[in-house]
Structure formats: structure tokens, C-alpha cells
Amino acid sequence: KDMMIDKDLQLSEMEIAYAGLEREVKQYRTLLDSEVRRISLSKKRKSAEHLVSDADAAQPATRVRRNSGHVHIAAFSPSQGYVTISNHSNKDVSVGGWRIRAEKTGKEFKMPMLQELKANETVTVWSGKENKNKEMGANELWWTHNSVFSAKGESAVLVDEKGNKIDTFSN
């Protein structure tokens, strides 16, 4: 009988240790997933930086933040016809119905109604004849074959579905 009690205690201790190990593995998986997203976002930022042409680089970029939210314009190149929107939070954000507006030309791109920006991810919206044959990746959207932005002093404005200015990025 004493041997059975000892075995029972050993089993209970093992179950407690196993549960602790499961929690620890889950924490490491969460940490690993967050590091993978961070590194992936860092690589995306670096690749987006390489897209900026000399003409864009020669003009200083300025930003006007309208709120303290995590969604903003991360990159903008009028000459290469793209705007990159970024979500720097750890939660997915619905951006359906949000608009990107070219301030000088007044042209607007409306995000698809079911568009969601995943946590710590970006979406790039492309336009212009030079990009018409570009293969769109999972985080890329097509605007139009026409030129949207004027090259000098143009601003991209991000507006939410209620019409609130979220961010302005000027080149």
C-alpha cells in the first residue's frame, strides 16, 4: 500500500512538472513567433527602403501624425508609385474602407471592405504604368495603371473609414 502511495505521489509530481514544461514551451513558442514577426518586419522595412529612388531620397520626407495609433504610413515613393501602410501593434486591425489619398492630385484608393492589416505587418499599395506588370505578393494591392502622385512636394494621406486623418507622409 505504501508503494502505491509513493507511486501516486511520483505521478502527481510528474504531472505538475509536465504542466510546467508545457507552459514554458508555450511561452517560448510565443516569444519565437514574435521574434520571427519582428525580423520579418525588419526585412520588409529594409527592402522598402531600397525601393526609394534617388529623386525621392533627395527630397526630405516629413510626417504629420494625427493620432497615437499603431497604423501609419511607413514608406512612400511618388516616383515609384507606392505607399506602404504598417501596423506596429500586436493586434490585427481592420482597415476596410480606409483610404489613401494623393493630396495634390486628389486621387484616392479605397481599401477593400474586408481588408485586415495583421499585427506587425505591412501592406503596400502600388500604382502607375511602370508597375503594371509587377506580380503582387500577399501583402500588396493594386491601385491603378495611371499616375496617381505628382512627383514634387506630394503627400500621401491615410484616412480611416470615418474620414479621420490618421497619418500624412510628405515627400
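This is a predicted model: local features need pLDDT of at least 70, side-chain atom pairs count only at pLDDT 80 or more; totals for chains, interfaces and linings use all residues.
## Overall architecture

The secondary structure of the chain consists of two helices and eleven strands, and the order of elements, read from the N terminus, is α-α-β-β-β-β-β-β-β-β-β-β-β. The chain has 171 residues, of which 33% count as buried, and its accessible surface amounts to about 11,100 Å², with 53% of that area belonging to carbon and sulfur atoms.

When contacts between residues at least 6 apart in sequence are considered, 57% of them join residues that are at least 24 apart.

## An open sheet of four strands

Four strands, in the order β2-β3-β8-β9, form an open sheet whose pairing is mixed. Strands β2 and β9 are the edge strands of this sheet, each of them pairing on one side only, and neighbouring strands are turned against each other by 20° on average, direction ignored.

Within the sheet, strand β3, which covers residues 82–87, pairs with β8 in the antiparallel sense over five bridges. For I85, the bridge partner in β8 is V123. The loop between β7 (116–117) and β8 (122–126) contains N120, a residue that has a positive phi of about 55° although it is not a glycine.

## Aromatic pairs and their cluster

A search of the whole structure finds five aromatic pairs. In one of them, the ring centres of F76 and F169 lie 6.1 Å apart and the ring planes stand at 80°, so this pair is classed as edge-to-face. The two residues are 93 residues apart and link distant parts of the chain, F76 being in strand β2 (residues 71–77) and F169 in strand β11 (residues 165–170). F76 counts as buried at 3% relative accessibility, and F169 is likewise buried, with a relative accessible area of 8%.

A further pair is formed by F109 and W143, whose ring centres are 5.6 Å apart and whose planes are at 50°, so that the arrangement is tilted. Because F109 lies in strand β6 (residues 108–110) and W143 in the loop between β9 (140–142) and β10 (155–159), this pair ties together parts that are 34 residues apart in sequence. Both F109 and W143 are buried. One aromatic cluster is formed by F76, F109, W143, F149 and F169, and thus includes the residues of the two pairs described here.

The C-alpha atoms of A75 and F169 are separated by 8.0 Å, although the two residues are 94 residues apart along the chain.

## Salt bridges

The count of salt bridges in the structure comes to five. One of them joins the side chains of E103 and K165, with a distance of 3.8 Å from N to O. This pair links distant parts of the chain, since E103 is in the loop between β5 (99–102) and β6, K165 is in strand β11, and the two are 62 residues apart.

Another salt bridge is formed between R99 and E108, whose closest N and O atoms are 3.0 Å apart; E108 is partly exposed, with a relative accessible area of 36%. K118 forms a salt bridge with E116, and here the closest N and O atoms are 3.1 Å apart. Partly exposed is also the class of K118, at 39% relative accessibility, and of E116, at 38%. Beyond this pair, a network of salt bridges links D92, E116 and K118.

Note on methods
Residues are numbered from 1 along each chain as its sequence is written. Side-chain values use heavy atoms; hydrogens and water are left out. Rings of Phe, Tyr and Trp (its six-membered ring) pair if their centres lie within 6.5 Å; planes under 30 degrees apart count as stacked, over 60 as edge-to-face and the rest as tilted. Buried means under 20% relative accessible area, exposed over 50%, partly exposed in between (1.4 Å probe, protein chains only). A salt bridge is a side-chain nitrogen of Lys or Arg within 4 Å of a carboxyl oxygen of Asp or Glu. Two strands pair if DSSP finds at least two bridges between them. Axes are lines fitted to C-alpha atoms, for helices over the stretch in contact, and angles run from 0 to 180 degrees between N-to-C directions. Contact means heavy atoms within 4.5 Å. Accessible areas come from the Shrake-Rupley method with a 1.4 Å probe; for residues, only the protein chains shown count as cover.
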